[in-house]
Every structure is written in structure tokens, then in C-alpha cells.
Amino acid sequence: MGINDIGKQLTKLPRIHPKFFHKYRSFADDVWQKGVISPTEKEIIAVSVTTITKCSYCTQFHSKKAKKIGVTTEELIEGVTIATSIETGTALIPSISTEIFQALGNDSQEEQLGKIFPDQYKHLHDLLILPFVDSVGILPTKLVILISYAVAHALRSNEYIKKLQIVASKHNVSEIELGEASLIAGALRAGSTVRHLADVLDIFDVERR
């Protein structure tokens, strides 16, 4: 189904089972409409996280919202690259000691990554270190940290969550902001699950024909 077809199916949910759908919708509305993170920042975070939750409907939905409020493609590309960094590191955690991730940016990390991945070291290092340095792109450092933190929650990566809490404290990112970033991740994981109800409803519609 295309995004429009999925959207049409999802609009049926409040009519079919209003009480239970309301539980999800009320939570999601609070995440997107309340809090201290700006709407623009939320949409950049959202598009970044949807590439982790693998929900194409969510990606299109939040990309459209982002475009409507003035977010640029450059900002979204940068956010997704940050998400790529966290996902790459998470995939490599089984082969890299936890100490490396606790000391990203230190000499020990440089030495150990070089030993484990000598041929790929330079560009791997450049990718992995991205969320842990002052922003070299167009996104402010605080937003880079919030994107990284939301992505780490979407990936359920305790290693990155702990490291990012330390990084956040050094850059005056508040616990409230971090909490909201984790809520965004939670809302998007929930949304990616609810999206599959469109497939369920489509099956029932087909069987009625």
C-alpha cells in the first residue's frame, strides 16, 4: 500500500475501537504537542529515528511535516547520518569492548579501533565519532546529542545511552530534554507498530469483497 492508502486505513481505527486507539493517540499527541523541544527539532529527530524503526509511512509522514515547517533536506541528511553512526556502532558492539564506547574520543579508542579494523579504521572512526564531538555540520551540538539519544533509545543501546548522558551534561542538555528525546523514540516505535494495523484492515477489506 502507498502512504495515502495506509493513511486511509489508519483513519478507521478511532471508529473501530475508539477506547483503545485513544490510549495510543493521546500519548502520541502529548509527545508531539507538548514539551520544551521545538517542533522543528522534533521533526528532525523524528525523521532520523524513523530510519531506525524502519517505518516508511512514519518517515514520509514526518518528512512532510518537516518540509512544511521549513526544515531543509541538508538538516535531515545530517540527522540521518547521525542515526547511521549510532546504528553502526551498535552493530559493532559485540566485537568491540564496552570500554571503547565509554571512552569515545580518547587515545584508547583510536588505538583499539585501529587494531580491530585496520583497513576500515579511518572512515569508520570518522563515522563513529560524529555524535561525540562539537557539531561540524549545520545542526547545533545540542540537537546532535538529542538525535543521538533518541536513536540510542530506539535501538535500546545502553552503551550509547550512558555515554550520551555524560556528553549531554558537558553541553548543558537538560534531563528534561533528554527525557523528551526518549519519548520521541517511544512514540515512533509505537507508531511503527500501529502502522501495521493498516495491513490488517486491508486484509479484512479484501475478504469482504
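Where is the place of Ser157 in the chain? Ser157 sits in the loop between H10 and helix H11 (158-170). Helices here are DSSP runs of H or I with at least four residues, strands are runs of E with at least two, and both are numbered from the N terminus.

Before going on, a word on the model. This is a predicted model in which local features need pLDDT of at least 70 and side-chain atom pairs count only at pLDDT 80 or more, while totals for chains, interfaces and linings use all residues. Residues are numbered from 1 along each chain as its sequence is written, and side-chain values use heavy atoms, with hydrogens and water left out.

**The overall picture**

The chain has 13 helices and zero strands. Buried residues account for 43% of its 209 residues. Buried means under 20% relative accessible area, exposed means over 50%, and partly exposed lies in between (1.4 Å probe, protein chains only). Contact means heavy atoms within 4.5 Å. Among contacts between residues at least 6 apart in sequence, 74% join residues at least 24 apart.

**Inside the chain**

A nonpolar core is a set of buried Ala, Val, Leu, Ile, Met, Phe, Trp, Tyr and Cys residues joined through side-chain atoms within 4.5 Å. The largest one holds 58 residues, and Trp32, Ile45, Ile147 and Tyr160 touch the most other members. Helix H10 (residues 141-154) gives the largest share of this core, ten residues. Leaving out residues up to four places away in sequence, Ile147 touches Ile44, Ile45, Ser48, Gly79, Ile82 and Leu139.

| Residue | Relative accessible area | Class |
|---|---|---|
| Ser157 | 2% | buried |
| Tyr57 | 15% | buried |
| Leu197 | 37% | partly exposed |
| Phe61 | 39% | partly exposed |

Tyr57 and Phe61 are four residues apart in helix H5 (residues 56-68), so about one helical turn separates them.
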